[in-house]
Amino acid sequence: MSAGTAILDTIARVREDVCTLHAELTRYGLVVWTAGNVSARVPGHELMVIKPSGISYDDLTPEQMVVTDLYGVPVDGDEEGEWGNPPLSPSSDTAAHAYVYRNMPDVGGVVHTHSTYATAWAARGESIPCVLTMMGDEFGGSIPVGPFALIGDDSIGQGIVETLKNSNSPAVLMQNHGPFTIGKDARSAVKAAVMCEEVARTVHISRQLGEPVAIDQGHVDSLYARYQNVYGQ
């Protein structure tokens, strides 16, 4: 297989995955209208694939997913092959996603939603405290808040990286904006977005009944280590 054919196959696979995963955002009620986005790094290349801006989730197709470099600039191919970028603009959050990929090389997927409960915590500029064992499992502690930043350049990405680079959490609540999640691949980042909203809702309800009981950090560390290294198949 030639290098050109190989990258075409890789990009086609990533486009299919990214398109399919957007359906998970609607299935779990994490987005409304055209808000939110999933992106994935193209393995072995300085490229990413992301949702086009302003396209209905019901109308998304793999061929509409936009290929950009890691500065968020759409690219059409190289001398070895074309991969048929659509004449569509990438998501307005592309610069933020690209900054994460440039500065966190282990990240293979990024997700942004405006899911109701997580965004409500972001609106208060308040981290979600680790008061559930599932938070210890998934997030290794509290879900932190990132700084306020305007959309349009990589300021949001900078806030994501600065907040998560020394944290176990794959989720950050960008103040007054909403959650961004990262993962080793796009599916892992989507899972983190689903779990972020679930714990945001549960902890919110708990606070209506009284003050939730924090989990000792030693227990949190034990939960996280077991879930990340032992749990599952």
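How much accessible surface does the protein have, and what percentage of that surface belongs to carbon and sulfur atoms? In this predicted model, the accessible surface comes to about 11,200 Å², and carbon and sulfur atoms account for 51% of that area. Of the 233 residues of the protein, 49% count as buried.

The protein contains 7 helices and 9 strands, and its C-alpha trace spans about 60 × 35 × 30 Å along the principal axes. A compact globule of 233 residues would have a radius of gyration near 17 Å, and the 18 Å found for the protein agrees with that expectation. Among contacts between residues at least 6 apart in sequence, 64% join residues that are at least 24 apart.

Confidence has a mean pLDDT of 95 over the protein, with 96% of the residues reaching 70 or more.

| Strand | Residues | Mean pLDDT |
|---|---|---|
| β5 (lowest confidence) | 81-82 | 62 |
| β8 (highest confidence) | 171-174 | 99 |

Where pLDDT is low, the predicted coordinates should not be read in detail.

Turning to the cysteines, the count of disulfides in the model is 0. Cysteine 196 is in no disulfide, and the nearest cysteine sulfur, which belongs to cysteine 130, lies 13 Å away. Cysteine 196 counts as buried because its relative accessibility is 1%, under the 20% cut-off. Cysteine 19, with a relative accessibility of 12%, likewise counts as buried.

Notes: Residues are numbered from 1 along each chain as its sequence is written. This is a predicted model: local features need pLDDT of at least 70, side-chain atom pairs count only at pLDDT 80 or more; totals for chains, interfaces and linings use all residues. Side-chain values use heavy atoms; hydrogens and water are left out. A disulfide is a pair of cysteine sulfur atoms within 2.5 Å. Buried means under 20% relative accessible area, exposed over 50%, partly exposed in between (1.4 Å probe, protein chains only). pLDDT is the predictor's confidence in each residue, from 0 to 100. Helices (H or I, at least four residues) and strands (E, at least two) are DSSP runs, numbered from the N terminus. The radius of gyration is taken over C-alpha atoms; the globule rule is 2.2 Å times the number of residues to the power 0.38. Contact means heavy atoms within 4.5 Å. Accessible areas come from the Shrake-Rupley method with a 1.4 Å probe; for residues, only the protein chains shown count as cover.
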